Amino acid sequence: MKHLLDSSFSGTLKVPGDKSITHRALMFGALAKGTTHIHLPLHSEDTRRTMECMRALGAEIEENAEEWVVTSKGHSSLHAPDETLYTGNSGTTTRLITGLIAGLGLRAEIEGDASIAKRPMDRIQRPLAEMGADIALKDEKYPPITIKPAALSPITYTMPIASAQVKSAILLASLFTDGDTVIHEPSPSRNHTEIMLRQFGADIASENGTITLAGGNELNASDVTVPGDISSAAFPIVLAVLKPGSSITIDNVSLNETRSGILDVLEMMGADVTVEQTSQEGEALGRIHAAYTPELKGFEISGDIIPRLIDEIPILALLAAYSNEACTVRGAHELRFKETDRIRAVIDELSRFGIRFTEYDDGFTVHPGQVDVMENTPVKGYNDHRIIMMLIVFSIISNTPLEIDDISAIDISYPGFMEDLEALRKDA
Ligand code: S3P
């Protein structure tokens, strides 16, 4: 990695496919009757977990480099898995398949890695139990999750938090119930489930924070082309903005409004970032150009923008450390329940380098000031892909090798991250 430090970065990059969309395409493909082609899926640890779970339920999945092909005889052909389903590090797999399996009325046991074992599942268990599901959790909160067959009915549910995983678990569970399920969201969370379910033939409408799904329709197989993941693109974008002499273009990336909050923050900061939308059909798609920006303004964010950039907050904290003004994130208590407590992780690791934070229960302020980076300082990645990639970008922009304890978790969402940075290295 040392040779990345003294370089600037330029050229065009296609980041890997969107993780949220790939998970959903595998699940809906398994539920739908027929053959679903998933073009440009994300090949990663997390999406592999969903693939294996769908196979264990009876879907056939063929893997080619650029395309996965899911073949299923429809939801009624899926069966209880023979063994405990293993969801690894993936919160999306764990929560969504709980809804899916409860909806199918099957028996299953679900467990994941040490991080999943600490992530709250009562947030899905509560609405699913209201629908009639029989779901038991360890200490009434955590995996392993035990699901027993039960008949479900539609519900009307007001979500206490904006969470696409909770929303999607309820929608998956309601697909084959008899009647309308209505969900009220406090703020708009990512809407890939709604967009893709409509494409697969579900009767679903979404308006002013209320989603209504009429259960009982068979899903029809459909083809999905997965756009590049803006949450992965965020790392090279921030690298280009902070590294003198850099200028990069990310092609074919998702610009879905429910995911693009980071672009709004880059604009608030006056970063040299331009966006060109190339398609608005279903999932919006386009090109992002980002270049070195010597002076960055501060920002204050809270409320509806938070779910639109929830996974980008670690890399935004790094951007904030190089701003000339204070930067504040509030209303992001959810960060404490991600792969690790990302508020703690960001503050603990970056404050080793003189970056000054004020911590709140639901966010932080980063104060402007000198960043002092000492060579080979040991830092921790907490086995959290987004913390690790943030630390790698930090090491490159500060021109300082850091000793990150373990970077293997990059493969959760962005295998090929280091190779992509290498390809953008100016004199590579
Ligand atoms: C995801 C939803 C978000 C996000 C996660 C992926 C999804 O989680 O942080 O990385 O694919 O639905 P929450 O729904 O828990 O906020």
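I began with the meaning of a neighbour: a residue is near a molecule if one of its heavy atoms lies within 4 Å of it. I also noted for myself that what I am reading is a predicted model.

**Entry 1: the shell around the ligand**

With that cut-off in mind I looked up the surroundings of the ligand, and I found Ser-20, Arg-24, Thr-92, Arg-95, Ser-163, Ala-164, Gln-165, Arg-190, Ile-310, Asp-311 and Lys-338. When I sorted this shell by class, I counted five charged residues, four polar ones and two nonpolar ones. I then asked which helices each supply at least two residues of the shell. They are helix H2, which runs over 19–31, helix H4, which covers 91–104, and helix H6, which spans 164–174.

**Entry 2: contacts and cover**

For Arg-24, I read a distance of 2.6 Å between a polar side-chain atom and an oxygen atom of the ligand, while for Thr-92 a polar side-chain atom lies 3.5 Å from a ligand oxygen. Gln-165 takes part through its backbone, where an N or O atom lies 2.8 Å from an oxygen atom of the ligand. On its own the ligand has 390 Å² of accessible area, and I noted that the protein covers 94% of this.

**Entry 3: where the ligand sits**

I looked up the pockets and found the ligand in the largest pocket. Why does the ligand lie between domain 1 and domain 2? Domain 1 (2–16 + 227–424) and domain 2 (19–212) both contribute residues to the shell, so the ligand lies between them.

**Entry 4: two details of the backbone**

I reminded myself that most peptide bonds are trans and that most residues other than glycine have a negative phi. Against that background I wrote down that Pro-143 and Pro-144 are joined by a cis peptide bond, with omega at about 0°, and that Pro-144 belongs to strand E8, residues 142–148. I also noted Glu-140, a residue other than glycine whose phi is positive, near 60°; Glu-140 is placed in the loop between strand E7 (134–138) and E8.

Terms used:
Residues are numbered from 1 along each chain as its sequence is written. This is a predicted model: local features need pLDDT of at least 70, side-chain atom pairs count only at pLDDT 80 or more; totals for chains, interfaces and linings use all residues. Side-chain values use heavy atoms; hydrogens and water are left out. A polar contact is a pair of N or O atoms within 3.5 Å; within protein, one must be able to donate a hydrogen and the other to accept it, and residues adjacent in sequence count only if both atoms are side-chain atoms. Accessible areas come from the Shrake-Rupley method with a 1.4 Å probe; for residues, only the protein chains shown count as cover. On a 1 Å grid over the protein atoms alone, a cavity is a set of points where a 1.4 Å probe fits but cannot get out, and a pocket is an open set with protein on both sides within 12 Å along at least five of seven lines; lining residues have an atom within 4 Å of a point. A molecule sits in a cavity or pocket if more than half of its atoms lie within 2 Å of its grid points. Helices (H or I, at least four residues) and strands (E, at least two) are DSSP runs, numbered from the N terminus. Ala, Val, Leu, Ile, Met, Phe, Trp, Tyr, Cys and Pro count as nonpolar, Asp, Glu, Lys and Arg as charged, and the others, Gly among them, as polar. Domain bounds come from an automatic or database domain assignment.
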